[in-house]
Amino acid sequence: MRLCSAPWMALCALACALGATAAGANDDVLKRTASGREQVLQTVDYANTRYSPLDQINAGNVGRLKVAWTFSTGVLRGHEGAPLIVNGIMYVHTPFPNVVYALDLDHDGRILWTYRPRQSRDVAAVMCCDLVYRGLAYADGMVFLHQADTTIVALDALTGEKKWSAVNGDPKMGESNTATVMPVKDKLIVGIAGAEFGARGHLTAYSLKDGTRLWRAYSTGPDGDMRVDPRKTTTLGQSIGADSSLKTWQGDQWKTGGGATWGWFAYDPKLNLIYYGTANPSTWNPTQRPGDNKWSQSIFARDADTGMAKWVYQMTPHDQWDYDGVNEMILTDQDVDGKTTPLLTHFDRNGFAYTLNRETGALLRADAYDPTVNWATRVDLDPASPTYGRPLVDKAHSTEARGEDETYSGICPAALGTKNQQPAAYSPRTRLFYVPTSHMCMDYEPFHVDYSAGQPYVGATLTMYPAPGGDGRTGAFIAWDNLKGRPAWSKPELFSVWSGALATAGDLVFYGTLEGDLKAVDARSGAQLYRFKTPSGIVGNVTTYMHKGRQYVAVLSGIGGWAGIGLAAGLTDPDDGSGANEAYAALNSYTALGGQLTVFALPEGE
């Protein structure tokens, strides 16, 4: 339903500027992201760099940042993602029930309209790891919302009126949504969550104009369902061959095989390719699903027009640790062997940072970005090797070596990964990636579980704890050189860093902490230049924009997500939250539930 709380005439002046006659999503998005003055995508740009060219706030003056204004969302639970900013209006989302607010930036966030979805609370029962939502997208005069119950809604950006809606999945089958969407050309690219309930992952394209479904590509199953060509779709330079997925599952397990698509999407307009990752196979018990379980835990490059896969690469074949592969793909053009090369860099939950040629899918580097990673000794980078591109698993940390109902101890990283969904950033000024990380290990006990539609299909219990050598700290914020495969600097944090990073032309990098601190550090040295304690833990992504010649920084705070699930859901059993409740129990001494937007700026006149 819609509540319009501003006079129509007060908004009419914005109608043309909001893109009512834009030629297409690409033109609209590229135009609006070029200057950095607006934010129309959660990824900041199509390349997922989370870099802003704004430099009014810089390393020399960031210490003078002040709170400009605040806004309460009225909703608790984890606040992931960031607000959008388009032509003087800020669009703010909440976790379930996925309320959308349009705020007038001329009047410190006066509410212009509010959209409150009508969706059954039953969907909360099939949402893994908190009721989060990673945010809205804008194109062609519309704001796009993907609700927890998988309903996609296109809202008129001026009035909040619903233009169209479409249903992407079925919560009764364990399907839900936590991810943002991405407008590309005349299409809206949409994923699905639910691998922990045996949902079969897919990526889908809907018409921006009216919500018609244009194509769908599954992560597992027959070639036609996956939109792969056995001869033309490649992996590491070789054709994948017929039935590449079916051959790696036992019987019909692929039908409940997971491979959800709840992470981030990137797009290269020149190559016309969409990039994304697929999640864990179902169940978490590896003994029940022999084989590589393709194409879970994989990076896909797909043609935006047809959905056909150009190439695919599986990072963690036959996953034994719940190392979802959905983290963001960051697209850069860098010098490799004296030649400017189109690259894709991905910081996986499994603890390895991958860099590939995004045009061909060739694997160039795979390096551990946390020194405690031990489930695999390395990734084989020798093209002549029979294990080329595969991780060399340390059998001491396999979770099926002794079968089910056994506890496998000391596995690093923990299932929540060296990095989870919280996106990294890249600065073309420093040529470094800025990565929020976790420093956790785990004990893992797999057990047999039977599939039942809409019921948890997990099959493992976890205990998580700080990795060795960190003095009890469970996080770090690092600057990473992807071509050298090593950190430029590392800044330890008390807790896992669950906030997305933002790099700017002011040689700054912003991020938040689970305790609730917004921090700004020097992009070249990592030296802390600014800190402000917000009302609740930060699991949202920092963003920046210009309004009336003044640069602002904004962040949502509201503890939650997997790391903060104990607080967010009021859990009491130490084993709840797939091991996170006990692992992050100390958060109770640092922060409390919340739901607030905080906007910062330099003092007037600076």
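Here is a friendly question-and-answer tour of some residues, ring pairs and strands in a predicted model.

Visitor: What should I know about the numbering and the model before we start?
Guide: Residues count from 1 along each chain as its sequence is written, and side-chain values use heavy atoms, with hydrogens and water left out. The model is predicted, with local features needing pLDDT of at least 70 and side-chain atom pairs counting only at pLDDT 80 or more, while totals for chains, interfaces and linings use all residues.

Visitor: Why is Ala166 called buried?
Guide: Buried means under 20% relative accessible area, exposed over 50%, and partly exposed in between (1.4 Å probe, protein chains only). Ala166 has 10%, so it counts as buried. This residue is in strand 11 (residues 162–167); strands (E, at least two residues), like helices (H or I, at least four), are DSSP runs numbered from the N terminus.

Visitor: What does Ala166 touch?
Guide: Contact means heavy atoms within 4.5 Å. Leaving aside residues up to four places away in sequence, Ala166 touches Thr150, Thr151, Ile152, Tyr206 and Gly211.

Visitor: Is His318 buried or exposed, and how do you know?
Guide: His318 has 10% relative accessibility, so it counts as buried. His318 sits in the loop between strand 21 (309–314) and strand 22 (329–336). Among the residues it touches, beyond four places in sequence, are Pro286, Arg289 and Glu400.

Visitor: What makes the link between His318 and Asn293 a polar contact?
Guide: A polar contact is a pair of N or O atoms within 3.5 Å; within protein, one must be able to donate a hydrogen and the other to accept it, and residues adjacent in sequence count only if both atoms are side-chain atoms. The side chains of His318 and Asn293 meet at 3.2 Å.

Visitor: How many aromatic pairs are there, and what makes a pair?
Guide: The structure holds 24. Rings of Phe, Tyr and Trp (its six-membered ring) pair if their centres lie within 6.5 Å; planes under 30 degrees apart count as stacked, over 60 as edge-to-face and the rest as tilted. Phe352 and Trp375, at 6.0 Å centre to centre and 85° between the planes, form an edge-to-face pair. Phe352 lies in strand 24 (residues 352–357) and Trp375 in the loop between strand 25 (363–368) and strand 26 (376–379), so the pair ties together parts 23 residues apart in sequence. Both Phe352 and Trp375 are buried.

Visitor: Why is the pair of Phe477 and Trp489 called tilted?
Guide: The angle between the planes is 40°, with the centres 6.2 Å apart; that angle falls in the tilted class by definition. Phe477 is in strand 33 (residues 475–481) and Trp489 in strand 34 (residues 486–493). Phe477 has a relative accessible area of 0%, so it is buried, and Trp489 is buried at 9%.

Visitor: What makes Arg200 a charge over the ring of Tyr218?
Guide: The rule asks for NZ of Lys or CZ of Arg within 6 Å of the ring centre and within 35 degrees of the ring normal. The charged end of Arg200 sits over the Tyr218 ring, 3.9 Å from its centre. Arg302 sits likewise over the ring of Phe300, at 4.4 Å.

Visitor: How do you know that strand 23 and strand 24 pair?
Guide: Two strands pair if DSSP finds at least two bridges between them, and five bridges join strand 23 (residues 339–347) to strand 24, running antiparallel.
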